[in-house]
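Visitor: I'd like to go through the pockets here. Can you walk me through them?

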Amino acid sequence: MLFNSYEFLFVFLPVTLAVHQWVIRRWGGRAAMGWLAAMSLVFYGWWYPPYLVLLLASTAGNYVFGRWVSSDLRSPEARLRLLKLGVALNLFFLGFYKYTGFLDHSIETLLGYDLMLPQYALPLGISFFTFTQIAYLVDAYRGLTRAHDSLDYVLFVTFFPHLIAGPIVHHGEMLPQFHAARKPTSVDRAVGFTMLAVGMAKKVLIADWMAVHADKYFGMIHAGHTPTMVGAWTGVLAYHFQIYFDFSGYSDMAVGLARMFGIVFPLNFDAPYRANNMIDFWRRWHVTLGRFLRDYLYIALGGSRNGTFWRYANLFLTMVLGGLWHGAGWGFVAWGAANGLFLLINHGWRKLRGGEGQGRAAVVSGRLLTTLAWMIGFIFFRSLTLGDAGVMFRTMTGLSHTGIGTMEQNLPLAFLAAFALTQLAPTSQRWLEKYQSVLVQGTDRLHWRPSLTWSPTQRWAVIIGLLFFACIPVIERASPFIYWAF
């Protein structure tokens, strides 16, 4: 079920919260954690119950492997072999469900031979719970985890606020919280509901509205019709803002839902459209994915240990694989490669100049170039085929000769308002920073004025309640979050 759906907001969540509160009072925190684990499995099985078996098998298998690779009773060589086997099994199942069709189609396109490989529906969240558990296995081998009981581990993997689309939580952050089983306070509930309402508003009031216009022009191209140059730019700008508010909204809702149960999540979204360069951008966009790629892929490939050439090669390969992680298609590979190239240019320019440019002109020009690079890359991300992306590029530059065209009424004002929000409004976590909505605050420097900073007062309760109910009439057209597809 979707976070932004009636059955979740008015059935699943209230029942889960109410019973959790009752259980924790009657039987204590550990029993309440058991209830959360059970309801997380219900949440996952709601979509397609048979894949619940896959999730349970993955969780149980990795729990066992985690105990094996961390055991002092085995030799380092045996532990390393078990680690490699555990990681390989995780990657095999991820590849089987996510990339079999992509491999089959690619071989058929290139060689004209159909492998007739079986194809299955992609299990929800498989990329997220697989990466979460690979990190756990690697750290268990490194001796960075202690033995955890099965309930803590099951909840660590399956906790419904992060299960489908992240954040990619780290065992060092989450397992101690689950083991402590802290009783949520009234402030926890207030902070959580506030983040939930703000995130839902971003999704259903802004992102889904922008999606209508993005889908129109990208869909037009996929159907074989070429829009005007302004139409092409309209589609790209609409998607530029759609994915920002969609992912920002999801991240806020995930943080809020966890906090309602007394769990604090890591930061996952830190105003990336205010980044002054691509290096800064990737420290702000999907923060927990960037952390995983850095710690468990880039460093594993060698990082910067073998000189400048291999540092850049490892960075580029990491971004290509990060792009492929997002989806099984050449467009995602091209998107990852484009971002890898942008990062290499950024690193090279920084080295050439001896650091970052200073002053307002450098900040403005850097931010504009970063925005343009991101929009160009996301054409590959959003287009259904590389051919569609090529048509979009040609149309945006006027090479398709379809005319300039005009933008639809009210869209310029909507884009201007969305731009102002991304550039001038402090983040949600800054708004609630006195109450630690996330584990660690981000690097974004904008702060709210004290008079506008959220606090658990009656005034803010009324405002947030009105915002929540403003979203209710449009939930019926709810669409999945973009990152639920990965």
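Predicted model: local features only at pLDDT ≥ 70, side-chain atom pairs only at ≥ 80, totals over all residues.

Visitor: What volume does the largest pocket have?

Guide: The space in the largest pocket comes to about 1000 Å³.

Visitor: Which residues sit closest to its centre?

Guide: Asn276, Asn277, Glu356, Gly366 and Thr370. They belong to a lining of 32 residues.

Visitor: And which elements give two or more residues to that lining?

Guide: Helix 12 (278–281), helix 15 (330–353) and helix 16 (360–382).

Visitor: Which one has the largest share?

Guide: Helix 16, with ten residues of the lining of the largest pocket.

Visitor: How many residues line it, and which lie nearest its centre?

Guide: The lining has 25 residues. Nearest the centre of the second largest pocket are Trp282, Arg283, Gly290, Arg291 and Arg294.

Visitor: Which elements give two or more residues there?

Guide: Helix 13 (287–301), helix 14 (308–326) and helix 15 do. Helix 15 also gives two or more residues to the lining of the largest pocket.

Visitor: Which helix gives the most to the second largest pocket?

Guide: Helix 13, with seven residues.

Visitor: What about residue classes in that lining?

Guide: The lining of the second largest pocket has twelve nonpolar residues, seven polar and six charged.

Methods: Residues numbered from 1 in each chain as written. Heavy atoms only, no water. 1 Å grid on protein atoms, 1.4 Å probe; cavity = no way out; pocket = protein on both sides within 12 Å on 5 of 7 lines; lining within 4 Å. Points joined across faces, edges and corners; volume = space filled by probe spheres on them. Helix = DSSP H or I, 4+ residues; strand = E, 2+ residues; numbered from the N terminus. Nonpolar A, V, L, I, M, F, W, Y, C, P; charged D, E, K, R; others polar.
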